[in-house]
Amino acid sequence: MNVLVQVRDNMTVFWKEHSRDATVEEMMLDSRAKELTQQEMPEILSMLPDLTGLKVLELGAGIGRYTKHLLTKAEHVTAVDFMESFVEKNRENNGHHGNATFVQADVTKLELPQNSIDFIFSNWLLMYVSDEELLSLLGKMLSWLRPGGSLFFRESCNHRSGDSKRDFNPTCYRTEAQYSQLISAAQMQETPEHRFGFDVVMKRRVQAYIQMKNNPNQICWLLEKVPRASGSQSGFTSFQHFLDNKQYTSRGILRYEKMFGSGYVSTGGPSTTKEFVDMLNLKPGQKVLDVGCGIGGGDFYMAKTFGVEVLGLDLSENMVDIAMQRAINQGVASVQFEVADATKRNFPAGSFDVIYSRDTILHIADKLALFKRFHTWLKPGGKLLISDYCCGEKPWSPEFRAYVKQRGYILYTPAQYGKYIEQAGFKNVLAEDRTKQFVHVIETELQRAEAIKREFIAEFSEEDYFAIVDGWSAKLQRSNSGEQRWGLFYATRD
């Protein structure tokens, strides 16, 4: 018998046994299901985009735990599940809504019109399909979604979701990295010139499971359907894919950390962090958003020193994976991390007291649009603090133009940068050219590199050592010439 057919038959038998009463405990395979639902549901719903007026497809809807919430905002919800008893229970609970359709189907065989769905929601479903089936299903979902539409899914990675002792298909429990690889591999060919793929808007652990069950393996993804030009990103499927496989490999991150100091991958490490954070006058209980958090050194410093709650965002999965592991190791519950694109991530207005960003926004083209988002996310009286790479006045030398293009930077002079912050609605804008400090920090880091040369080479390699030193030396030369500059920006939302 075909292996996939055998697995599906086993699954059918298992779920028939565990769906007789169609209870939440059966569906979640967990005796604490009701308690977990109370804690996790608000958290997961807070990660979703605004569904007002959207056509929603819910896959693996079960008895309708989430269906009833999706129906309150969406124009229409199509709720699909494999088990007839779960579908009937969902219809019984939510059938009074006029904007719901209930479907019993195997999602791997489901067919829908192209570009007919705005948002797909899936909770604990993809772990029940093979890699081959999942890759096919991701391609189908790309087809069903309209351009700009989103897919949200939550899965157990290398860990059973509940406390059931029976595990009929352990091979379906994937690592985070395996899900990421499948997401990158999923591309939908539209024409010889154009195709669509998924960009990661957010990837985040479910805190309720960490707090209640010491289980950090419950992961949520929010993906957006975006066009891909053929041959774009020099072989990389997205900018995030480029970062994780080129500029910020796990080895490359640890190499940077060795130079900047434990926990840091940005200029000056702990010394500049302390100097800049002190400008914020943080108070216990305040909420801080760190955009481009790296491996979390600054976030741990803020949480431990000032008693604030910190959410760190970074587009690099490698950065966030390291940061998350260190948060677990250090037991810092007031710091959370997520893989996220700040240009696409949404937060309610007035969510944060402080927004902090170190040497990150240089990658973002539309800085004004991002600063407007920051302005909305801050509470009245909230503070913004940014350090970032800047540039001197044009024309630039051919060498500097080539450097900026190769890195994919979008640079402005410190004064121009400050103007964008003002145009976004901020007040009391301070825009300082800190290039002299930047030069001093680089010189200090080069001296430190020389002092730890033997140790560094033993831990990494001579090639790694000179890659760092040569890069720092070139940066020093560009800064001394005035073409590369470093800006510090502070502002408030009145």
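F337 counts as buried, because its relative accessibility is 4% and the cut-off for buried is under 20%. Keep in mind that this is a predicted model.

**Aromatic pairs**
- The structure has 28 aromatic pairs.
- In one of them, F300 and F337 have ring centres 5.7 Å apart and planes at 75 degrees, so the pair is edge-to-face.
- That pair ties together distant parts of the chain: F300 is in helix α12 (residues 297-306) and F337 in strand β11, 37 residues apart.

**A cluster, and charges over rings**
- One aromatic cluster is formed by F276, Y389, W396, F400, Y403, Y409, F438 and W486.
- W396 also has the charged end of K394 sitting over its ring, 4.7 Å from the centre.
- Over at W472, K475 lies over the face of the ring, 4.5 Å from the ring centre.

**Two arginines**
- R454 is part of helix α18 (residues 453-459) and counts as exposed, at 75% relative accessibility.
- R454 and Y465 are 11 residues apart in sequence and 9.4 Å apart in space, C-alpha to C-alpha.
- R345, in the loop between β11 (335-340) and β12 (352-358), is buried, with a relative accessible area of 3%.
- Beyond its neighbours within four places in sequence, R345 is in contact with several residues, including M47, E338, R373 and W377.

How values were computed. Residues numbered from 1 in each chain as written. Predicted model: local features only at pLDDT ≥ 70, side-chain atom pairs only at ≥ 80, totals over all residues. Heavy atoms only, no water. Helix = DSSP H or I, 4+ residues; strand = E, 2+ residues; numbered from the N terminus. Buried < 20%, exposed > 50% of the residue type's maximum accessible area, 1.4 Å probe, protein only. Contact = heavy atoms within 4.5 Å. Phe/Tyr/Trp six-rings, centres within 6.5 Å; stacked < 30°, edge-to-face > 60°. Lys NZ or Arg CZ within 6 Å of the ring centre and 35° of its normal.
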